[in-house]
2 protein chains.
Amino acid sequence: MIKLVPLTCSSIPIFMKKPIHILVITLLLFSCKEKGKLIDSNPQENYPDKSEIEKTHHITSLNKENTNGFSIIIHGGAGTILRKNMSSEKEAAYKATLEEAIRVGYNILKNGGSSLDAVQKTINVMEDSPLFNAGKGAVFTNAGTNEHDASIMDGKTLNAGASAGTTIVKNPINLARTVMDRSPHVMLSGNGANSFAKEQGLQIVEPDYFYTEKRYKSLEKIKETETSQLDHDNKVAAFYDEDIKNSKFGTVGCAALDKNGNLAAGTSTGGMTNKRWGRIGDSPIIGAGTYANNNTCAVSSTGWGEYFIRAMVAHDISALMAYKNVSLQEAAKDVIQNKLSNLGGTGGVVAIDKNGNMVAEFNTAGMYRATMNAKGELAIGIYKD
Amino acid sequence: MIKLVPLTCSSIPIFMKKPIHILVITLLLFSCKEKGKLIDSNPQENYPDKSEIEKTHHITSLNKENTNGFSIIIHGGAGTILRKNMSSEKEAAYKATLEEAIRVGYNILKNGGSSLDAVQKTINVMEDSPLFNAGKGAVFTNAGTNEHDASIMDGKTLNAGASAGTTIVKNPINLARTVMDRSPHVMLSGNGANSFAKEQGLQIVEPDYFYTEKRYKSLEKIKETETSQLDHDNKVAAFYDEDIKNSKFGTVGCAALDKNGNLAAGTSTGGMTNKRWGRIGDSPIIGAGTYANNNTCAVSSTGWGEYFIRAMVAHDISALMAYKNVSLQEAAKDVIQNKLSNLGGTGGVVAIDKNGNMVAEFNTAGMYRATMNAKGELAIGIYKD
């Protein structure tokens, strides 16, 4: 019944890779099978019972007894990410950018910086990469434009900032941070949000900065097949084949705990390819795409946004911890593998609790993700195994 | 220690007004003092301990033992609503419109209609009145326009729909319903949402339909004083005096339980007077302004939206019921009088649980509100006493 799980998987605690922890490895391998289930794409078949979940708690408790422990976890989107479809070059490129991003946040935390700064600057690296559906690499709307959503939340104060549908802001997470810090509001949208960004001196780019050939071709492909996408309820066309669904799963996000015990989370996205009517997904919605509360956890979501809003994914994880006194791992598993899956939603979260425990929970074939703990141990994962 | 509470207060169950229930009145007066505290504006001083809360549970249990019981509760905004500032004509006008609105929903429910239809049609009446900050009576933005937000949620399916920043849709709650029923999305915004409304054949009006002299004067007044509104952190100006705060407290909302046991909630608003930068408040945010779940409750919020988003007011009430097994009344009190108040937020909610129990909880001086139960008993309230 014992199955070896590759040690490159982020769901394995990083300290397990160190030879001095051979005994720990031996003991923990007995729980790897359950841990493997945690991130399986079939929630019904593999959803463990409570006793199994409890067995796995300790393996993500990286910092529980650390003084001034800190940790950081990121995602670059979840979806049908299969090893068989991935070239080694592409995989290396994703891993390199995930590592570059998380090391930025790690260094901020190591030097005593705030989790908010770590989240923001880490996300900036992914926003500036064309690989992810955020910032530079954002997908195209039906109108051939790029409309960005982002949000950030401070677990210490419960302050939050968000922006939806901006078109000229180079780094949308910076706008979300500025909305939080420099306006009386939580959420700004559209041209108004663009104007606020200009007034605040954020970096503005021409809309064609966000043009990437790959994303534009995705839009063209979807438009070609659009007429076949009316479902049986005659709802308005959208997003029904696997390839198209994947087009909206490149959201980036980060959750971090700093040396002062403050949690923060942030999320940034271009939304869905071919989106229209000013569609807003979960990424800029506090409680759905992003949530942070020093009493519980910090969460960033990625996936089919409509379901994440309906399930209130990020806040529900926090509420389960606060009111049912369950661990982050149990809460994240329940919300993603049970509640979200039962609604029909797909995607995942990265989250971190007030003790620095980290979890990457998803019900898709893969999720780009990475973790670093206070010891500087790095783990990067893409697939579910 | 026993204090008489006026029987016109909506927090008193309606059957108490009937002479045939003298004995019930006598018994229940013993719990009126605690009930009075429920809606007091000073949460710190008057927040009852758990034993006191429990004493008051039964007095809102209007339908617990009814077969096919149903009920409906509405609000027309919360804020510094004081009897001394209200003319009898104005008070009569508010009460008449609240009654007209709730009777529309009541009749739908009585005839076996859905809670979703009851919520939508009830809100339509308030949207069509110039009295409330929604639809016809919406406040003006900084640009002299009217931008409407709305949301609706179905407790049976957890489907939801929302629209933000529309300018030409006569009844924004109808757009939210149509987003839910006829699009693959939960939330649309701005011109895109306007376009969707047109495509779907919703009633479109010229922007000047939303002009009311009273609201326009409010905008002018605020603009005159705006330069004095930079706070000590040098944040961007907004909304700091009592009069201005009140300008954003006219949101309307409704929660209903139908004969089939399905809960629904909806909210509609013009947002804040003088809002800019495409500000989005809590009204169109599922989990903040609106939430419904057949397993727990249906909630509609009104108040200072930024705080309602940060506190995830509507979803938090549901989560407390689901995970802590507390009553609707306890959950609403905890979130409004404790959590929201501790953040500095002001406003309130109307909510209804799966047994038809209703609660109007607020930490402001008043909230326009009304309830009807399956017996057709109506209660209307404005002030906290």
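Reply: Gladly! Let's begin with pairing: two strands pair if DSSP finds at least two bridges between them. Keep in mind that this is a predicted model.

Me: What makes strand 1 and strand 11 of chain A a pair?

Reply: Strand 1 (residues 71–79) and strand 11 of chain A share 7 bridges in the antiparallel sense. The definition asks for at least two, so they count as paired. One place to look is A:Gly79, which stands opposite A:Gly366 in strand 11 of chain A.

Me: Which sense does the pairing of strand 11 with strand 12 of chain A have, and over how many bridges?

Reply: Strand 11 and strand 12 (residues 378–383) of chain A pair in the antiparallel sense over 5 bridges. Here A:Gly366 stands opposite A:Tyr383 in strand 12 of chain A. These two strands of chain A form a hairpin with 4 residues between them, and A:Gly376 there takes a positive phi near 80 degrees.

Me: Why is strand 11 of chain A called largely enclosed?

Reply: Because 8 of the 8 residues of strand 11 (residues 366–373) of chain A are buried. You can check both directions: A:Gly366, A:Tyr368, A:Ala370 and A:Met372 point one way, A:Met367, A:Arg369, A:Thr371 and A:Asn373 point the other way, and all are buried.

Me: What is the partner of strand 10 of chain B, and how many bridges join them?

Reply: Strand 9 (residues 347–353) of chain B pairs with strand 10 of chain B in the antiparallel sense over 5 bridges. Within that pairing, B:Ala351 has B:Val359 as its bridge partner. The two strands of chain B form a hairpin with 4 residues between them, and B:Gly356 in the turn has a positive phi of about 90 degrees.

Me: Why is B:Leu202 called buried?

Reply: Buried means under 20% relative accessible area. B:Leu202 has 19%, so it is buried. B:Leu202 sits in the loop between helix 8 and helix 9 (213–225) of chain B. Not counting residues up to four places away in sequence, B:Leu202 touches B:Asn174, B:Leu175, B:Thr178 and B:Ala197.

Me: Is B:Asp258 buried or exposed, and how do you know?

Reply: B:Asp258 counts as buried, because its relative accessibility is 2% and the limit is under 20%. B:Asp258 is in the loop between strand 5 (252–257) and strand 6 (263–269) of chain B.

Me: What is in contact with B:Asp258?

Reply: Leaving aside neighbours within four places in sequence, B:Asp258 is in contact with B:Gly69, B:Phe70, B:Leu109, B:Gly113, B:Ser114 and B:Ser115. B:Phe70 is 188 residues away from B:Asp258 along the chain, with 4.9 Å between their C-alpha atoms. For B:Leu202 and B:Asp258, 56 residues apart along the chain, the C-alpha separation is 25 Å.

Me: Which residues of helix 8 of chain B are buried, and what covers them?

Reply: B:Gly192, B:Ala193, B:Asn194, B:Phe196 and B:Ala197 of helix 8 of chain B are buried. Their cover includes strand 3, helix 7 (172–182) and strand 4 (187–189) of chain B. Just after helix 8 of chain B, B:Gly201 takes a positive phi of about 75 degrees.

Me: What is the volume of the largest pocket, and which residues are closest to its centre?

Reply: The largest pocket has a volume of about 830 Å³. Of the 40 residues lining the largest pocket, A:Gly190, A:Asn191, B:Ser189, B:Gly190 and B:Asn191 are the closest to its centre. Helix 8 of chain B gives the most to this lining, with 5 residues. By class, the lining of the largest pocket has 8 nonpolar, 22 polar and 10 charged residues.

Key
Residues are numbered from 1 along each chain as its sequence is written. Chains are lettered from A and ligands numbered from 1 in the order in which they are written. This is a predicted model: local features need pLDDT of at least 70, side-chain atom pairs count only at pLDDT 80 or more; totals for chains, interfaces and linings use all residues. Side-chain values use heavy atoms; hydrogens and water are left out. Buried means under 20% relative accessible area, exposed over 50%, partly exposed in between (1.4 Å probe, protein chains only). On a 1 Å grid over the protein atoms alone, a cavity is a set of points where a 1.4 Å probe fits but cannot get out, and a pocket is an open set with protein on both sides within 12 Å along at least five of seven lines; lining residues have an atom within 4 Å of a point. Grid points are joined across faces, edges and corners, and a volume is the space filled by probe spheres set on the points. Ala, Val, Leu, Ile, Met, Phe, Trp, Tyr, Cys and Pro count as nonpolar, Asp, Glu, Lys and Arg as charged, and the others, Gly among them, as polar. Contact means heavy atoms within 4.5 Å.
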